[in-house]
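Okay, everyone, thanks for coming. Let me put the structure up and walk you through a few parts of it.

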Amino acid sequence: MNAPVQHSILVIEDDSVLNRLLLKTLVRSGFDMHGALTWAEARARIDEIAPDLVLLDMNLPDARDFTPLTEIVQTRPVIMLTAYGSINQAVEAMRLGAVDYLVKPVNLEELELVIQRALEGTRLRRTGDALKAARKGLTDNPMVGASPAMRQVWDLIEAVADDEVTVLVRGESGAGKELVARAIHDAGRRRDGHYVAVDCCTLQETLFETELFGHERGAFTGADRLKPGLIEAAAEGTLFLDEIGDIGPAIQAKLLRVLETGRFRRVGATTDLRANVRIVAATNRDLTQMVREGRFRADLYYRLTAFEINVPPLRDRREDIPRLVAHFARARARNGRLVGFSDAALARLVTYDWPGNVRELRNVVERALILASHTGLAGPEHLPPLRDPGFDPQTAVACGPVTFHGEPTLDEIERHYLSELLDRHQGNRRKVAEAMGVSERTAYRMLERHGLKSRGEGA
C-alpha cells in the first residue's frame with residue numbers, strides 16, 4: 001500500500017535502532033520520513049519540515065508523559081508509541097487528541113494501516129470543516145464558447161492543467177475568470193481534490209488572514225476553538241484567489257511566503273503546516289501599474305505571473321453569444337419548457353458591446369426569459385434598450401436606462417423594467433401587460449409584488 005509522496009512523517013523515538021527501522025520501513029511505503037531522538041531535536045525538526053503526522057514515543061530523555069503530545073496535537077495528527085501500555089494511558093492519550101496508541105514492539109503492517117487511517121481521518125475532518133467554503137467554489141455555468149479567442153484560452157488551460165505552477169487569470173469583470181480557474185482544476189491532476197474559491201475584495205484584512213490561514217484556539221478574543229483555514233480546506237486541490245489585486249500589504253507578504261516555501265502558519269500558531277495546494281489567482285486590475293505605484297509587491301507579482309491566461313471580453317468573441325444565450329435558456333427552463341430567442345432578438349444581442357461581459361448577458365437573457373415565459377419566444381420587445389451607458393465596466397452593469405453599481409438581482413431588473421413600461425404607457429396596466437406578453441392579471445400581480453401603482457384597462 002503506497003502513500004502519496006507529499007505526506008511527511010516525523011518519528012520521535014529515543015531508541016536509535018527502532019528509529020532507524022521505522023524510517024527505513026516507511027520510506028519503502030512512499031512516505032517522506034524524518035527522525036528525532038529527543039524532544040528538543042523534535043521541536044526543531046517540526047519547525048524545519050512541517051510534518052503531516054508524528055509518531056511519538058511516550059517517554060523521551062528530555063520529556064515525560066503527555067507534554068509533547070499536547071503541544072504537537074494542536075497542529076497535526078499524533079500516533080503514540082510506548083513499551084509500557086496500559087488502559088489508563090491509552091484513554092488519556094486519546095482524550096488529549098492522539099489518533100491512536102500502539103504498544104512496542106510495533107507490528108509494522110499494523111502501523112502502516114494506522115498511519116493511512118490517521119491521514120485519511122485528517123483529510124475528512126478538513127473536508128467537514130470546510131464544506132461550506134468548498135461549495136462556494138462550485139458553479140452551475142461551465143465555460144461556453146468555440147470562437148478562436150476561446151479556443152486559445154482552452155489551449156492554455158490544457159497546457160497548464162497538469163502542472164503545479166501558479167496561474168494568474170486576467171480579464172474584465174464578468175468575463176468568466178472563475179470559470180477558467182475551475183476548468184484548470186477540473187482538467188488537472190488535482191481534480192479529485194477540493195476547489196475552494198475566495199473573493200479577496202469582500203473580506204477585511206484581519207478577517208481575511210484568519211479565513212485563509214486559520215487560527216489556533218485563543219489566538220484572539222472570540223477564538224474559542226481551533227479553526228482550519230481555506231488553505232487546509234483546499235488540501236490536495238485548488239485554491240482560487242479572486243481579485244488578488246485587492247489584498248493588503250501584510251497578506252501579500254504572507255501569501256508570497258506560501259508560494260515560495262509551500263508552508264503557512266495559522267494565526268496564533270508557533271509551527272508551520274504544509275500548503276499542499278495549487279493556487280490560481282485572478283484580477284481585473286492592472287497589477288503592473290500597481291507595482292509601479294508601490295501598491296502591490298513586485299516579488300509577489302513575478303510569482304503570480306509565471307503563467308498567465310487572458311480571458312477575452314465578450315465583445316471580442318461575439319460568435320459565442322448565440323451559444324451562451326442557448327446555454328442560459330436551457331439552464332432556466334422551467335417544467336421542461338424551453339423559451340427560444342427570435343432572430344431579431346439575437347441580432348440585437350450580438351451587435352451590443354456588453355460592457356458587463358457574460359455576467360451582463362446572463363442578466364439580460366434571464367430577464368427576457370421571465371418576460372417571455374408565457375409566449376415561449378423572446379423577441380426584441382423583451383430586451384432592455386441595449387446602449388452603452390458610458391460607465392466603467394469594472395464597477396457597473398447596465399440594464400435599460402438604469403445603471404446598477406454591482407451585479408443586480410433579477411427582482412431589481414424586473415422592477416426597473418416594469419417602472420419603465422409604466423412610464424412609457426402612462427400607467428395603463430393593459431398596455432403594460434401587452435408589451436410584456438403576459439395577461440393583465442399576471443401584470444397586476446407583478447406590479448403589486450413590487451409595490452408599483454397602475455391604472456386599470458379603461459383608464
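So, start with helix H7, residues 148-160: in this predicted model H7 lies across strand S6 (167-170), S13 and S14. Against S14, H7 runs at about 155 degrees.

Now the sheet those strands belong to. There are five strands in an open sheet, with parallel pairing, and the order goes S7-S10-S13-S6-S14. At the edges you have S7 (195-199) and S14 (307-310), each pairing on one side only. On average, neighbouring strands here are turned by 20 degrees against each other, ignoring direction.

Let's zoom in on one pair. S10, residues 238-242, and S13, residues 278-283, run parallel and are joined by four bridges. Look at Thr238: its bridge partner in S13 is Arg278.

Okay, what about the packing? The largest nonpolar core has 32 residues, and Ile231, Leu239, Leu241 and Ile244 have the most contacts inside it. Several elements supply at least two residues each, including S7, S10, S13 and helix H9 (205-213). The largest share, five residues, comes from H11.

Take Leu239 as an example. Leaving out residues up to four places away in sequence, Leu239 touches, among others, Val196, Val198, Leu212, Ile231 and Ile279. Apart from that core there's another one, with 23 residues, and Ala329, Val339, Ala368 and Leu383 are among them.

Last stop, helix H14, residues 321-331. Which residues are buried there? They are Ile321, Leu324, Val325, His327, Phe328 and Ala329. The cover over those buried residues includes strand S15 (340-341), plus helices H15 (343-351) and H16 (357-371).

Notes:
Residues are numbered from 1 along each chain as its sequence is written. This is a predicted model: local features need pLDDT of at least 70, side-chain atom pairs count only at pLDDT 80 or more; totals for chains, interfaces and linings use all residues. Side-chain values use heavy atoms; hydrogens and water are left out. Two strands pair if DSSP finds at least two bridges between them. Axes are lines fitted to C-alpha atoms, for helices over the stretch in contact, and angles run from 0 to 180 degrees between N-to-C directions. Contact means heavy atoms within 4.5 Å. Buried means under 20% relative accessible area, exposed over 50%, partly exposed in between (1.4 Å probe, protein chains only). A nonpolar core is a set of buried Ala, Val, Leu, Ile, Met, Phe, Trp, Tyr and Cys residues joined through side-chain atoms within 4.5 Å.
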